[in-house]
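I set down each term with its cut-offs where I use it.

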Protein chains: 2
Amino acid sequence: MNSPLHQFLAPDSIAIIGASLDPTKRGYKALVGLLGDGYAGKVYPIHPKLEEIMGLKAYPSIEQVPEPVDLALICTPAKTLPGILKLSGRNGVKGAVILASGFGEAGETGARLERETLEAARRGGVRIIGPNTSGLFNLHKKVNLLALDAVKPGNVGIVSQSGNMLLALALEAQHNGHIGFSTYVGPGNQTDIGFADYLRYLGEEANTQVATLYVEGFKNGREFLRVARETARKKPVVVYKSGSTAAGQKAASSHTGALAGSYAMTVDVLRQAGVNVVGKSDEILPVAEGLGLLQQAAGRRVAVLADGGGQATIASDRLSEAGLRLAELEDVTRERLRAVLFPQASLANPIDVAGSTDANPRLLATCAEILCQDRNVDQVFLVGMFGGYGIRFAQELAGDERVAAQEIAAIKQQSDKPLVVYSLYAPLKPEPLEVLRGSGVPVYDSIEHAVEVLAALSERGEFAQRDASAVHVEPVPPNAAMQRMIAAARQADRDLLEPEAKNLLAAYGIDVPAQCWIASAADLDTLDASWLDRPVAMKVVSEDILHKSDAGGVKLNLQGRDALRAAYAGIMASCRAYQADADIAGVLLTPMVAKGVEVIIGVSRDPIFGPVMMFGLGGIFVEILEDIAFRSIPLSRQDAESMVNQIKARKILEGARGAAGVDKAALVALILKVASIVEAHPEIAEIDLNPLVAYPDGYAVVDARMILDRIG
Amino acid sequence: MNSPLHQFLAPDSIAIIGASLDPTKRGYKALVGLLGDGYAGKVYPIHPKLEEIMGLKAYPSIEQVPEPVDLALICTPAKTLPGILKLSGRNGVKGAVILASGFGEAGETGARLERETLEAARRGGVRIIGPNTSGLFNLHKKVNLLALDAVKPGNVGIVSQSGNMLLALALEAQHNGHIGFSTYVGPGNQTDIGFADYLRYLGEEANTQVATLYVEGFKNGREFLRVARETARKKPVVVYKSGSTAAGQKAASSHTGALAGSYAMTVDVLRQAGVNVVGKSDEILPVAEGLGLLQQAAGRRVAVLADGGGQATIASDRLSEAGLRLAELEDVTRERLRAVLFPQASLANPIDVAGSTDANPRLLATCAEILCQDRNVDQVFLVGMFGGYGIRFAQELAGDERVAAQEIAAIKQQSDKPLVVYSLYAPLKPEPLEVLRGSGVPVYDSIEHAVEVLAALSERGEFAQRDASAVHVEPVPPNAAMQRMIAAARQADRDLLEPEAKNLLAAYGIDVPAQCWIASAADLDTLDASWLDRPVAMKVVSEDILHKSDAGGVKLNLQGRDALRAAYAGIMASCRAYQADADIAGVLLTPMVAKGVEVIIGVSRDPIFGPVMMFGLGGIFVEILEDIAFRSIPLSRQDAESMVNQIKARKILEGARGAAGVDKAALVALILKVASIVEAHPEIAEIDLNPLVAYPDGYAVVDARMILDRIG
């Protein structure tokens, strides 16, 4: 219990500032919600004139409430907030829920008001939920400030930046009848308290088994990742991040004014931190429910147990698309199944019982148990009409099904393997399925949703394994000479030049091709033989010329002094013509590199998530197909390995079309070193190794760019 | 009414062969279904001993039924079928539903039994539904052979190769309460009647507004495409094709034994024929419902009208992912919205009313009407809590919402633009939403499903436009010389050699690079200057050497007679070493081609769908990224154009990274010519133009392969 939010998200006393007798007002609804649900704490309506509201003594001001209040719900307009928070501070209010909009999301005047509000709160020691929030509830404490009907207490905690999304989830839960909630908070503008703080609270709160977040924008993404990783070790963290497309980002930022980073990057760094990211809004609750009920999976091998071929096929398709695999069953498993099922049953996974269970649904429990015992199976997926035998085949079977459900529930208790059920009878909520749900076995009415749950359980397991075995790379101490080089460049208000960037890489033990920095034509006269007897490349060195090829600043395959002199003159002429006032610091000679697979390693500092590593294949893969892996820095070795294996074009790295594969280990080591450099030199804003040519044995850094944070 | 299936899928008399008093038997359930639902036709139970079943006179044999029967439901085991069909033929039965399994899907013995069954049926003039089918229903005719409870008559016709899938759809419809069905048939093994026949029937049946098919495998895909195109002109055709992954294909073929082609190809050729392909099983009914209720959309520009930012953002994300666009509203529309909404409303699409409607939900109808009148808007998507204002805000608003629903329904009647509603209150079925549904406005409880409907409506519109404007390419008469060349190669039991294939292309007016076929070293002595004064490529010509480069059979950049002689000798030596007994027909000289964008045009004859054209970018795009467009031949000009624009890497064709775009029109013309060649020469089994190098002005056919159907 370290989060300060416990003090007011599970409050023992609540003031309603702007209490009302108008049933359409929040100041009315909240009172109804608290009184109707039987909130056991004290409630203080604040109203300028009335002395009593709904049987409760009312006060003209929060200041007049005779004792300190844990939580104040403030229903008054934006402009009243600084004053009210001042009074709230005097009362000793710990947390204030500010419903009003008209702050930062509404332009400069609103932003100023938001700053004033925050200052007033800080001065009075009041923490702010919102502003521009839909409020909060804590159902186990019977705090229902939204006065929602028919939400029941349960284990799903929610933070949603959209009040309508909370409402949608609540209605979905009400409709399906088997999901309950613990705490909900709407972070609104996150003026004071942000997603990271709320997540930390949900991680600590005992009633919450799964933390579920609808996020339009993070404010401090780096802190969020830290808290997410810590929380994900204890319980599942489910995030739906809106703004996955340019259209959505536009819509999202008009809604809350929060900065939305690249969606692909956000997903990658959230997953790195152990978050289960869901891609569709109708998957949020199903995934949260499954993760809240089941233990993580040890792997991606799923056994499908079906009583109908159609759904078995669909399940196989979806599993495969979700990156799961059909488990290769052990021989003993097939033998045991053969002993109980009809001869026409299909014993290769997916198992189709082919009528064996029509008159005996308990066989499904038997088969599920056999599958759970298979060492090649990580998860069991029961697919078909279980729960409906009594409806479809014969009334008498309902009793057998109930027993089967109890047996399946027992298997779930005894096995450490997740068991998920899809039933086409789920919408009818027949008793056997209610028995399963009551025992913590999730039952879905959509194969697609069930498969998302299986995939999420696998991801949880992978995170746990990665996290437990993570080899953290020791930070390296900054190299003093390189610090001086960077300082000098910043003093000159420029970025590092290519030879400087490569020297910096070399200083940290990265293998960089030989290079020779030629400051003037005269330097060519003194070149040693190593630069004359093999073909070399010559590139202009200039802080002002970013697109060297466009400027005619690159010449390839030069051999011998004459060729070099001619090239030098040509480059100088072209570059002058391209940009007359360019500051040219000579040219760089490097050996020609052999053909290989072009990859890109890059680092940028994201305004939300801080330093982020990027890896992808060069050219069209990054630019057109956007096939890129991102990770937040610092990286573990596992993080770096997973980047290289994540990209869709990884087959090319592994040696497609008869070519040899590249040295992945060398790329992983390089990624980790680049990450260390970024940590050792916070003045480096961006790094771009592009192209980097990867070979079966190592790589060649063909070009390196490093952008600095400029001084002032 | 041309389909012969009307005679027995809407039967006036039904025999139940294998009628039973055992409630778990289909021969019992079917009688209960018919009698319970009040089927108005005659029912004849067939039972070896009983004289009466459920108050109906029973007959010992179908032969003894005193009048011809339209439909026989046969519930007896597989081995009885040939005999029963013989008797059925004598009665004059028009159609027989065979439930038994144990036919072709069960190995060679079963396959023989299936053939015998079909022969008996043909001899007696009986058409077969199945075998291995779950049966059929025709709810408007009260024929409910599955004895399903609680399915209601409606406009969705279904053909499902999985009985469980039908059951799942029926339960989903029962649960949501607003979808009804017309006819269902399970095609089973499609021994006699296949998907194409059933689709034709549904296309003709007046009660069916949308034909919905769950397909594991087609038997005659080409015929299906023909019927699908014809049907899609009249009403929507929705197909879910299972086996979208290797895992699913394995599962599917163990289920029905039907051949499953490449999923990507199947999807492309179905869409070409106007089919709406849905990718997830839980989208089948929502999409069918929406297509059944709404007219097609004229385009992909959607106006989103939301009363909450969260769902507006999610809707924008999903629209964009589905290939739809947020419409750029006309100024006049924004003005009109401004006049009715609060100042803080967001008037850029998505429109967020920002509280304007909280106390006045009828404003949503006003806004929807304004949006429908915008010429830049093709579809309107109402997103949020409509239907729940009376629940969430104030009871009194329910009346306003009902009026608003009526107004929205009126807009739907008057406008030719589809209007789709997502409401988070949909699961509660509040009255205003029931009013909408009753008026034919579809209401969804999932943004994701609603967006699939919008996308499907756009696809319908695009199909209609493409179909109406289709420029069909005139078939070309076969070139007699080429026919002789093909005949000679087939006589020699070989495929066409590269120079032959290129000559064939040239014979049909395709621009092929100059080529010179050198049969022996002596031919090099007589080469004219055009082959000596520019760099050329030399490639071995051999029916036996498929991988020319691997065999050392390709030499590039040769100039001058000496170089050619040396290369010739080298190629011969290498190829002999590679394969001593290879039949080598000399070498082919071609000019070296300039760099460009490598593409592939290919044709294959799919066992299910017949000749299929393939287009993609060369190398990794086809091999690793599988970024390929397929179309069934014959092609319209629009089909060919859509292929070139479909691939994900089309940006490369359009000139990525500063490069010039390629000549798409030339590629389209080439695709059409290749298609004509395939039609003119049915002996050509496969064509592979790979690589084909595309330029800003034209292309170069670098290599061409043509595989022939061998004789015998």
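Predicted model: local features only at pLDDT ≥ 70, side-chain atom pairs only at ≥ 80, totals over all residues.

Residues are numbered from 1 along each chain as its sequence is written, chains are lettered from A and ligands numbered from 1 in the order in which they are written, and side-chain values use heavy atoms, with hydrogens and water left out.

Entry: the interface.
I looked up the contact (heavy atoms within 4.5 Å) and found that it takes 74 residues from chain A and 74 residues from chain B. The buried area, which is the accessible area (1.4 Å probe) that two parts lose on being put together, summed over both, is about 5800 Å² between chain A and chain B. Carbon and sulfur atoms give 57% of this area. I then noted that A:Asn164, A:Arg392 and A:Ile624 supply 11% of the area that chain A buries against chain B, more than any other three residues.

I next counted polar contacts: pairs of N or O atoms within 3.5 Å, where within protein one must be able to donate a hydrogen and the other to accept it, and residues adjacent in sequence count only if both atoms are side-chain atoms. Between chain A and chain B I recorded 25 residue pairs in polar contact, both at pLDDT 80 or more. Helix 11 of chain A gives the largest share of the side of chain A that touches chain B, 11 residues. Helices (H or I, at least four residues) and strands (E, at least two) are DSSP runs, numbered from the N terminus.

Entry: aromatic pairs.
I took rings of Phe, Tyr and Trp (its six-membered ring) as paired if their centres lie within 6.5 Å, with planes under 30 degrees apart stacked, over 60 edge-to-face and the rest tilted. The count over all chains is 16 aromatic pairs. One of them, A:Tyr214 with A:Tyr240, is stacked, at 5.7 Å centre to centre and 10 degrees between the planes. A:Tyr214 lies in strand 12 and A:Tyr240 in strand 13 of chain A, 26 residues apart. Both A:Tyr214 and A:Tyr240 are buried (under 20% relative accessible area, 1.4 Å probe, protein chains only; exposed is over 50%, partly exposed in between).
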